[in-house]
Amino acid sequence: MEQNLQGGIRWLIPVLMTIWVMAMIVFRGSAITLLRQLAPDKELPQANAVLVFVFGLVGAIGLLLDMLLKSIGASITFILGAITLVMGAYILRLSHPTHTLGPSIINHSVSDSPISKLLLILIFLIGLGAGLEVNLLLSIFPKVLQSQLPNIKLEFIASGILWVSAIASVPLAQLTVKLGANQTMLLGLGTIAALMKLTLSNYNNMLAIGLILAFGIAFCLVFIGMIPL
């Protein structure tokens, strides 16, 4: 059972939360780097598809997980999450990637091909646009679709989008290899934007179900192409 913290320790919590967020950022960057070493460029979409599958699956069963996590308490959930992340990173590190770039190759690439400020700005804008679309997709548009499908709960609509993205991750990884990361990202982001416009003007229940399926596929395309890009 959770208890309210008293005294000076209450002011320590925001500091610990800030440190936790910083650690998560460092962990995410390291995990992506290890993924890049474990899979060569041509196989990176397939490797990233596994992450998309897990993300979509966990998000889709969020209702069940939410009840489970609430029953065991926030503190235990936090500790279990931290332990799981550390164990996952450790197991990934023990995999001994066979495609690791040697120091000479890394130094050569860095010295000959420095990342320009223009490229960094472009990466930032792509991330900003993708993040904006994905947040709109998962926070606002399920409400719009729920108004078109009043018999379906809001949570099930968002879960349905994530379920479709998880199921479509493996076959769409092959499409990403054929099209390339650039085209895949453009296709995914453009499709989401077009579907959003169509959703706002839709009044057909059957079309709303098709929009949920299409949103899931487009969502999957964005996330599969993001890391390879």
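At what angle do H7 and H9 pack, and how far apart are their axes? The angle is about 40°, and the axes are 10 Å apart. Axes here are lines fitted to C-alpha atoms, for helices over the stretch in contact, and angles run from 0 to 180 degrees between N-to-C directions.

Before the rest, the ground rules. This is a predicted model, in which local features need pLDDT of at least 70 and side-chain atom pairs count only at pLDDT 80 or more, while totals for chains, interfaces and linings use all residues. Residues are numbered from 1 along each chain as its sequence is written, and side-chain values use heavy atoms, with hydrogens and water left out.

Now the overall picture. The chain has 10 helices and 0 strands. Helices are DSSP runs of H or I with at least four residues, strands are runs of E with at least two, and both are numbered from the N terminus. The pattern along the sequence is α-α-α-α-α-α-α-α-α-α. There are 229 residues, and 26% of them count as buried. Buried means under 20% relative accessible area, exposed means over 50%, and partly exposed lies in between, with a 1.4 Å probe and protein chains only. Among contacts with a separation of 6 or more, 82% join residues 24 or more positions apart. A contact means heavy atoms within 4.5 Å.

Back to H7 and H9. Their crossing is left-handed. The term left-handed means that the near helix is turned anticlockwise from the far one by less than a right angle; clockwise would be right-handed. From H7, Phe-141, Val-144, Leu-145 and Gln-148 meet Met-196, Thr-199 and Leu-200 of H9. By class this contact has 5 nonpolar, 2 polar and no charged residues. The nonpolar class is Ala, Val, Leu, Ile, Met, Phe, Trp, Tyr, Cys and Pro; the charged class is Asp, Glu, Lys and Arg; the others, Gly among them, are polar.

Next, H9 with H10. H9 covers residues 181-200 and H10 covers 205-226; they pack at about 150°, with axes 8 Å apart. That angle makes H9 roughly antiparallel to H10. The cut-offs are under 35 degrees for roughly parallel, over 145 for roughly antiparallel, 65 to 115 for roughly perpendicular, and oblique for the rest. The crossing of H9 and H10 is left-handed. On the H9 side the contact includes Met-185, Gly-188, Ile-192 and Met-196, and on the H10 side it includes Leu-211, Phe-215, Val-222 and Met-226. The class count for H9 with H10 is 16 nonpolar, 5 polar and no charged residues.

H10 also packs against H6. Here the angle is about 150° and the axes are 12 Å apart, so H6 and H10 are roughly antiparallel to each other. Their crossing is left-handed. Ala-130, Val-134, Leu-137 and Leu-138 in H6 meet Phe-215, Phe-219, Val-222, Phe-223 and Met-226 in H10. In this contact there are 9 nonpolar, no polar and no charged residues.

That leads to the cores. A nonpolar core is a set of buried Ala, Val, Leu, Ile, Met, Phe, Trp, Tyr and Cys residues joined through side-chain atoms within 4.5 Å. The largest one has 22 residues, and those with the most contacts inside it are Leu-137, Leu-145, Ile-192, Met-196, Ile-212, Phe-215 and Val-222. H6 (117-139), H7 (141-148), H8 (154-179), H9 and H10 each give two or more residues to this core. The largest share, 7 residues, comes from H10. A second, separate core has 8 residues, including Val-52, Ala-168, Ala-173 and Cys-220.

For Val-222, leaving out residues up to four places away in sequence, the residues touched are Ala-130, Met-185, Gly-188, Leu-189 and Ile-192.

Leu-57 sits in helix H2, residues 44-60, and its relative accessible area is 27%, which is partly exposed. With residues up to four places away in sequence not counted, Leu-57 touches Trp-163 and Ala-166. Its C-alpha atom is 8.8 Å from that of Ser-159, 102 residues apart along the chain. Ala-31 is in helix H1, residues 12-38, and is partly exposed at 26% relative accessibility. Between Ala-31 and Ala-89, 58 residues apart along the chain, the C-alpha separation is 7.1 Å.
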